[in-house]
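Have a look at the model first, then read on.

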Amino acid sequence: MFGCGLYGFITRKNMIAMLISLELMLNSVDINFVVFNRYLFPAQYEGMFFSLFAIAIAAAETAVAIAIIINVYRLAKNVDINQITKMKF
Amino acid sequence: MPLSSTIYVLAIPFFMFLFLGLVGVKMPRKITGVLGVLGMAVTTVWAYAIAFTYFFGDGPQKVNDVYQQLVTTDWTWLSFYADKLVVKLGVLLDPISAMMLVVICTVSFMVHLYSLGYMSDHDGNPEKGFQRYYADLALFTFSMLGLVVSTNIFQMFIFFEMVGVSSYLLIGFYYGLQPANHASKKAFIVTRLADLFFLIGIMILSFYTKTFDFKEMMGANGGTICNAFTSAQGLTFMGCSVTGWALTFIFIGGAGKSAMYPLHIWLPDAMEGPTPVSALIHAATMVVAGVFLVARMFPLYVLEQGAMDIICVVGAFTAFYAAAVACTQSDIKRALAFSTISQIAFMMTSLAVSSAQGKLIGGHEAGLGYMASMFHLFTHAMFKALLFLCAGAIIHAVHSNENSKMHGLHKYMPITSIAFLIGCLAIAGIPPFAGFFSKDEILVACYEKGIGWGLWMSMVAGMTAFYMFRIYYLIFFWKKHEVHGEHAPKDQPWTMTLPLIILAAISVVAGFVPFGDLVTWNGKPLETHMNWSVAGASVGIALIGIGLATVMYRKENPLPDKLATMFKGLWTASYKRFYMDELYQFITHKIIFQGISKPIAWFDRIIIDGFFNLLGNVTNSASFGIRKMQSGSVQGYVSYYIIGAVLLAAITGAVILCI
Amino acid sequence: MDYSQFLMMPQEIGLLVVFLLVFLYDTFMPAKTLKGLPLFATIVFGLFTIFSFFPVEEGMSFGDMFESNKATWAMKNILNIGMFIVLLQSVKWANSDFVAIRRGEFYELMLLTLFGMYLMISGRHFLVFVIGLETASLPLATLVAFEKKYYESHEAAAKYVLTAVFSSAIMLLGLSFVYGITGTLYFNEIASSIQGENSLLLIVALAFLISGVGYKLSLVPFHLWTADVYQGAPTMVTSYLSVISKGSAAFAFFVILVQAFGAAYAPIWEWMLYAIIIITITVGNLFAIRQRNLKRFLAFSSISQAGYIMLGVISANAVGMASMMYYILVYIFSNLAAFGVIAVIERYTGKVTTDDYNGLFKTNPWLAFVMMLAMFSLGGIPPFAGFFSKFFIFLGAAQTGNVAIYVLVLIALINTIISLYYYLLVVKAMFIRQDECVIPALKSHWTEKAGLWICTLGILLIGLISCIYTGLSNITSSLSDVFSMI
Amino acid sequence: MESLGNVIMYVIIALTIIVFSVLAVTTKKILRSATYLLFVLLATAAIYFQMDYEFLGATQIAVYAGGIVVLFVFAIMLTHKPGEDAAPLTSHKRILGLVACGSGVVLCGVALFGYAKFCGQSLTEMGDFTIDKLGEMLLSTDKFGYLLPFEAVSVLLLACIIGGVVIARKR
Amino acid sequence: MEIFSNMLIYFVIIPILTLGGLALTKNKGIDAIRAVAVTGATALVALALYLVYVFLKARASGVTDVMLFQQSVMWYAPLNIKLALGVDGVSVVMILLSAFIVFAGVFASWKMDPLPKQFFLWFFLLSTGVFGFFISIDLFTMFMFYEVALIPMYLLIGVWGSGNKNYSAMKLTLMLMGGSAFLMLGIIGIYFHSSATPGVHTMNILEIAQYNAIPHNWQMFLFPMTFVGFGVLGAMFPFHTWSPDGHASAPTAVSMLHAGVLMKLGGYGCFRIAIYLMPFAAQQLGWIFLTLTGISIVYGAFSACVQTDLKYINAYSSVSHCGMVLFAILMFNTTAMTGAVLQMLSHGLMTALFFALIGMIYGRTHTRDIREMGGLMHIMPYLGVGYVIAGFASLGLPGLSGFVAEMTIFVGSFEHQDMFHRVLTIAATTSIVITAVYILRVVGKLLYGAVQDEHHRTLTDADGTERIATATLIICVAIIGCFPNFFINIIRDSFTPVVEALTSVM
């Protein structure tokens, strides 16, 4: 799943699609934490809590990112990732 | 006059140099000149007094009729090591230095006086650098005096350099003229090259003996040679003893100053300087510095027969070579210059054939050659200075160096003519003039060494007579002088005439100085006898030479031209000085400049500089090359990111886990 | 439940108080007075900076999640100073036409990101660290997009946020591996439970973790966002990003590597860092050579500077830590001076390329002078502070005594020559090319002047006055238990 | 050994996740992509439920499925004209993406499966983990108490709100 | 502050005060600027002379410490970095040299234009570095001052230079900084191996020498680093290429100070740090550098023969002469090393003189190409005579400084017991002839002969300030040349500890 997210992030042209891929990645990390917690260290709940907070963080990230993307859209009328390669070298 | 006051003989010219150089240039020319002459006069008187006291007075300088080496002043100037290898500046009095004091001061004074007239104008215009000229003369006199009274070999080297520089300044006196410019440069560089060897010689010698001091090195009066030297003689380097190398190198240094073949090439060119300077420096004093050097170190040289043989061969060859060239030169100063070379070679050969423990031929003691050499040095200084001053007077009168512009001057300049004749007779070795006595003893010494040497030198003596009279006739006779312009040549003012007369007088009588009693290598008097057979023979040869010259050059006739065409190659080669200058030109320009310096400069610019520039360019192109990494695309960035992270992990993992 | 534990974090609380004051001012003061808000915020923050110099109680709180000791205290103070200068310099900018409407938010967001950095510095639990990291980076993305009229600003923000989230995803993955191996996220427990651990998984985890933090520090190859974002962001934000954000990350990085992975794992991350430092310094320099846009140029220069900062981390000892903090302090002054000048000139003329700076000395001698000081300091030229910091950081790195480290130091030193080259290019433009002057004589606002003055004094004096480094060194050497694990 | 039902359930969920993940990143229509994401998120929640982390699962559904996906949909609606396809992918990027993620996955896979401790673990019974306890821990300051992160994350959210407001405002 | 009771610190304080004074002057107030600069420079000369006096008095009263007027103030306590001051004979004469050259430099740049104030500011910053370097005996402060002295060069050349100045300034700075990169590594290495006791590190040169604890294998690594680091500044082949370009582009006073003093930092550092602290490696590796410096000597001289730009000629001549400094230092005996210091003095003064004169000539003729000039002696006799004297000093005329220095070097070097060293010495001596060749070539083309360009006839001779600048240097050159023993007595004892250290590892 992480790999998929990675793939998507690198290949998608659409910034929102990239964000979706990112969500996949974050999600996979959450799963990782939870699974490790549940299977290996069931005595504590650190992994679970971590996931909990990670969800919150992910939400915040998404919000900010989408806000920015929308702003880019306002200016460029486009959410193509190749749009934002003006600055280089 | 106490001998300890010898230092003032040096101090006065030095002071004069500073004074004339710094203050004098602001003063009127007349005053500067007179001051210079007065200073030199005082110096001369003082030097005479010293020499007189040394030779004839009572005191520590003469113990049991043996002249001692006296160090009257010794100031530590530069100490290489705390206690050993100290360079001192001092005054060493012994027969030869006392004799040299006299020679230098006499000639220098004459030249100072003479220059008052000679240098007052330049082709009718007041001479611009008159003050500078006197300052430089004073500097030269100081340096030369310092050279002869050196207490150690390093002091000698120092003053070798100093005379070199003053010679450079004086040759280049007319620095506005290209030939003078080149000549001064050439003189300095060639003698510098010789000095390099001198320096190397000093370094080798001092490395073994751990001293520079003559007295420590050789012991006083040819006494005990220092142990270090004798033990170092056993050491060899490339098949020869190290001391042999050292002494040979030192001789090369002397050869440079004394214009021995092949380092003689600067001397003829040095005639570009004012003629009085040529008289002083390039005839009488500086050029004998090499002879003096060898004489000074004579006790060491006699222990190294190999070095002596080298000197002997070089001297004998130079004598012949220079004489041969002198026979064809048309520039009178150049002809005189080659004559000087030849005569100095005589002295050098004479020193070299001498030996300390030599066999006795004709009742002569060992060290005859040494004495003869010094004697000849003395007499030669006088008559050669005379000749040059005469030449100066002539040049002054006709404004040219070429003898084709002269001819038949006897009528116009009788005093000069007579003075010149005296000089010629002296140098040709006609009794009773000075040259006869000294040259005779040289020939005797050469015959002692071997009959071959004797014959060879006798032949050169004959040639000497020939070319001197050739010059004489070409200047004063040959044909009637053609007067150019409104001024006919005439004799010179008294300031110029007086020195001629004085020097002519000395040239006549100097031969009767009892040199054998005064100047010998170990301070003991040397019994000298006239070797009549040798003397007779040499006079005979000289007369033949004079006769030949008379036949060829007394009156205008086609014989010389005929001979010249007959032996065209030989004549041209001789006239061109056997192409030595061209050879040097080739070596310096083609080999050193084009062959070494240019490639090195190229290497520096292209390879070394290029390398560092390349570093910069590589950095820049690397910078350009990796710019694609910054593609501006987020996905590109992320790809690098993830690949970087993965590689980091993979490589580290592989390295850590595999070890 | 022991809320008294909040008393253990006076600096954080103080910062939040400042934030609240600013927020209240922004919200409730009449619109006329809002013009004074930037100054108000700056002054309040200045007071807070002074206040936070009071020593704090040392110890762990929140069940070992939060540590406050002298080092964190000092580091936060260093950041405060930098922050203060940034705020001071931005007063005029914040009141400019396009930004004025959002000036309140600007200060609020700045303060909140600083809070996040505090958490990064003091957090001793990865959760706190991650939250701090996110708090320090997400609002920054919005700050980057602050100049709404410029397209570049948005482009930069988009790039920043996308790569930031991506990198935090990678880092979280690495963290999940760490958690999987150790079962804990407390630094001290991780340290004790990875004793003897030597698996590929841990290496992967570490690599991902390093890449995540390396992203914040803009280490190569995780640096590619840097130039674009620096160029696009408002200059004030760029300067903030380049010094404060970087400094806090570096310190946090040090703490993580030493405290969590120090015990048995030093060789592994040291080798990783070794490679990263070399390419970071080199690549940063190589890119910087060709830059003509000064902000971009400073971005690459700051990349290579980050490499030097990492030399302090790789040393993993008290000297290295002190040197690193010192380096950060000096770097703050130098870089802020440079950005201060750039900001002033950009604000008045909108010119940011090196060619525009030709002959700056003729028209604006003082600006040129400050810029030159900054460049020399960054290049490590004595007697400016940069020399000392560079020397000490090399000294710290070499203390490990390893020959390989000497090679590293040599490479770093050779790179200083390259860096000097491009710093001198700027100096050359200002001083040597006096024939064409593009920028007219400017009169900067007093706040900007004050900011530049502070930086100038810092550059001139920090090196010569030894007590600062001595103080830092005393602090770090008092933490001997931290380093005893190495 | 776990119950067979659990295993089957797990396999189903895992397959769902994988399939929908792949679909989410490969589909051409952006809205579909968001929908597939929703499925993935829901499946993830299912995993949480399976592991008895009910609260977490609930949060996952509420925040992710309920919040984020909706956000995405809005964003998509805002930025796309209906019916427009996502532009086709360039092959250059596909290869790059494959290489990057492939190497990453392989590395992680090797690392994970090479790690002995992870193999052969089974799900053990969990202690009573009630919502009370969770709340308590969230506000505790002791070890394994999460008051600080809790407060911190609130600051984070506040910051993001301010930031979002700033960005979203028209001026 | 007890440090202020030490007179040495004033060598740094005076330039700094001068800097402050200059900062207070107005940009246009040229008179005030000159007054401040001259005051500062004069104060330095006076202080330097006083230092020589008290130094000699102390030595005469039997103080045999290696370094005199030592003072050590803790600076960076955690690293044991001190501000340690102290001078021995070598430093004393180097300080004297620097003071005189700064003095002459101020006068030589009297009419500096544009921005005289800024020029003097940088100029005195450079001086600060130079003096600081010579009074320090702590590696850190030495290195710091070393770099302080380097960087003003960039701007001095870049802003006030001529010709291809951007390239030259950059090349010079980068190459010198490259050298200092190696040097820094060397210093760090020395620091960490300074003592056999673990945890004790010191930067103090005397202490390091006393501990003598740098392991041999480390010495073999650190010695080349340090030596090359300083060697770059000492224009050692093949790291000399910054020198011709840099000198050619630099303004007069900067060339003077750079060739006159800054290049000496290289030689000084080589012996004070590289050889003194790492005698073992010096003995082992000395021959490599000896060969390089030997090449420098001859190579520089030959290169100078074909240059046509006056400054290039002198720059290559500097390569040759500075090569001699390093060459002598590597001979490891007191005499040669003494000669090296004399050569530093001599070269410093005469090169400064050369560059001053070249600057003055260039200021009049606006060309430095010797092919375009000629017969200048007719037009500007004062400058011409000055040039000839400088030339004589350079080619080693007795009575001027060059001779004394070169002879001491050659004789000292030849005292080496090893045949290889002696042969190299002989090879090096050939440079005296080549030097004569290129010096006389220039003198012949530039000063003698007919006036090449008729426009030059209207040019003027040196004015008052120029005369002061050149006369100061000429007098110094002559004094050294006439009374070398005075200087040798100051210098020589300083080498005893170095030579002892070197012999102890044989």
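## Chain C against chain A

Chain C puts 30 residues in contact with 31 residues of chain A, contact being C-beta atoms, placed from the backbone, within 7 Å. On the chain C side, helix 5 (126-144), helix 6 (151-182) and helix 9 (225-232) each give two or more residues. Helix 6 of chain C has the largest share, with 17 residues. Helices here are DSSP runs (H or I, at least four residues), numbered from the N terminus.

By class, this side of chain C splits into 17 nonpolar, eight polar and five charged residues. Ala, Val, Leu, Ile, Met, Phe, Trp, Tyr, Cys and Pro count as nonpolar, Asp, Glu, Lys and Arg as charged, and the others, Gly among them, as polar.

A word on the basis: this is a predicted model, where local features need pLDDT of at least 70 and side-chain atom pairs pLDDT 80 or more, while totals for chains, interfaces and linings use all residues. Residues are numbered from 1 along each chain as its sequence is written, with chains lettered from A and ligands numbered from 1 in the order written.

## Chain D against chain A

Here 58 residues of chain D meet 48 residues of chain A. Helix 3 of chain D supplies the largest share of the chain D side, 13 residues. That side has 43 nonpolar, 13 polar and two charged residues.

Note on methods. Contact = placed C-beta atoms within 7 Å.
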